[in-house]
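Please look over the sequence and the structure before reading on.

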Amino acid sequence: MIYQRSSQLFAEAEKVIPGGVNSPVRAFKAVGGTPIFVKSAKGAYLYDEDGNRLIDYINSWGPMILGHAYEPVVEALTERAKLGTSFGMPTELETKIAALAVAMVPNIDKIRFVNSGTEACMSAIRLARGFTKRDKIIKFAGCYHGHSDSFLIAAGSGLSTFGVPNSPGVTEGTAKDTLLARYNDLENVSALIAANPNEIAAIIVEPVAGNMGCVPPLNGFLEGLRELCSANGILLIFDEVMTGFRLAAGGVQELYGIQADIVCFGKVIGGGLPVGAFAAREEIMNYLAPLGPVYQAGTLSGNPLAMAAGLAMLEALNNDRAVFQRLEEKTAYLEVGIRKVLTENGIFFTINRVGSMISVHFDAEPVVDFQSAAKGDNATFKKFFHGLLQEGIYIAPSAYETWFITDALTYEDLDVTIQAIDKVSKTF
Ligand code: PLP
């Protein structure tokens, strides 16, 4: 495959956009080389500026669960655009998508729409602080909740015990209110709660982590968090930006039967447009302005184009609940195939998977938290990534990312992928 035009376009982009990209991981820094510039996409495939076709395992980092340019979403957008693209006034569409989301997701009465997953998590934390009248939060090393200040603490790239900012520009003052815990380690969480009595407003967690590769919660971890929160007046926030409307219609709360107090959404809920949302029971959501004292707003929040795309997506998932089982089966097929060829080729690896989230780690030890995820062999991952790219398969350009399987993938696509992995892993 030739990526000549992509390289030229990247060089031009670098002159006017920092690092040539509008979001860092797109820049291929972790794997080397230059990013692929995409021209269009349909179903399971990306078509790049050099005319290559790639099987896509990122799917816009999650949103395109039913494939690219999914007809009902495209139609909804086309029709809606003719009616005006933004009003800053309420529309019926907002109530429709809110009602559908509330019907699909357990334990929520009301939902507020924002423009990204970052905004959703940032607002959820403010709401939790306002509601509990406490300042501190607990987050887990390796979990990513967007790029707002409180969360840029060991967000997948550094590990420390107490809040040390990962990025210049995040003040020590902000960082001190973020306490860090190890994923899947309840004792660590208990100790933090005991050391900060009546000070912790919320525990925010990716209930199936996806930002250190895919790391499932160990048995009892989420249940334990629920118990600790309930016993200590702490709100449990599930960041379901990745998992929501993907692992089940009702997300991880439905999948594992665990109740969160606040739930954050992004990705799938926007059907590929910039949308996030946060939701909770009425008592908590009524703390938000204009009903309550916690301020939160947005010029483009509930934007009609974004809501039309999101509604078309949620309706499609709601009307065809079998999609989640299909995704499970396709991803399980992929997992079995990858396991087989990597084992035959003598590679040390671990595969983690929950439903349609899957990741391959080049280390034989179980990957249960950020520390174990960080042990993976990055040199092998780089070879894996570039080898697959040459075979026309696009996975995330970082060993810390989950693959997002789309229903548009056929079993033939999966076989092609497994064969490519066989070929590439023979060269390690
Ligand atoms: N939360 C999780 C779990 C995410 O994976 C992400 C993004 O990948 C975010 C929050 C932030 O969402 P966004 O990139 O839409 O701001």
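In which loop is lysine 267 found? Lysine 267 is in the loop between β9 (262-265) and β10 (276-280). This is a predicted model, in which local features need pLDDT of at least 70, side-chain atom pairs count only at pLDDT 80 or more, and totals for chains, interfaces and linings use all residues. Residues are numbered from 1 along each chain as its sequence is written. Helices (H or I, at least four residues) and strands (E, at least two) are DSSP runs, numbered from the N terminus.

**Lysine 267**
- An unreviewed UniProt entry annotates Lys267 as "modified residue: N6-(pyridoxal phosphate)lysine"; such annotations may be inferred rather than shown by experiment.
- Lysine 267 counts as buried because it has 26 C-beta neighbours inside 10 Å (buried: 20 or more other C-beta atoms within 10 Å of the residue's own, with C-beta atoms placed from the backbone).
- Neighbours within four places in sequence aside, lysine 267 is in contact with Trp61, Gly62, Pro63, Gly117, Val241 and Met242 (contact: C-beta atoms, placed from the backbone, within 7 Å).

**α2 against α10**
- The axes of α2 (residues 71-81) and α10 (residues 304-319) come within 8 Å and cross at roughly 150 degrees (axes are lines fitted to C-alpha atoms over the stretch in contact, and angles run from 0 to 180 degrees between N-to-C directions).
- That angle makes α2 roughly antiparallel to α10 (over 145 degrees).
- The crossing of α2 past α10 is right-handed (the near helix is turned clockwise from the far one by less than a right angle).
- From α2, Pro72, Val73, Ala76, Leu77, Arg80 and Ala81 meet residues of α10 including Pro304, Leu305 and Ala308.
- By class, this contact of α2 with α10 has 13 nonpolar, no polar and one charged residues (nonpolar: Ala, Val, Leu, Ile, Met, Phe, Trp, Tyr, Cys and Pro; charged: Asp, Glu, Lys and Arg; polar: the others, Gly among them).

**α3 against α10**
- Helix α3 (residues 92-104) packs on α10 at an angle of about 35 degrees, with the axes 9 Å apart.
- α3 passes α10 in a left-handed crossing (anticlockwise).
- Among the α3 residues that meet α10 are Leu93, Glu94, Lys96 and Ile97.
- The contact of α3 with α10 has 10 nonpolar, two polar and three charged residues.

**Alanine 309**
- Alanine 309 is in helix α10 and counts as buried, because it has 27 C-beta neighbours inside 10 Å.
- Beyond four places in sequence, contacts of alanine 309 include Val73, Ala76 and Leu77, as well as Gly270, Gly271, Gly272 and Leu273.
- The C-alpha atoms of alanine 309 and valine 268 are separated by 9.9 Å, with the two residues 41 residues apart along the chain.

Definitions and conventions. A residue is buried if 20 or more other C-beta atoms lie within 10 Å of its own, exposed if 12 or fewer, and partly exposed in between; C-beta atoms are placed from the backbone. Two residues are in contact if their C-beta atoms, placed from the backbone, lie within 7 Å. Angles under 35 degrees count as roughly parallel, over 145 as roughly antiparallel, 65 to 115 as roughly perpendicular and the rest as oblique.
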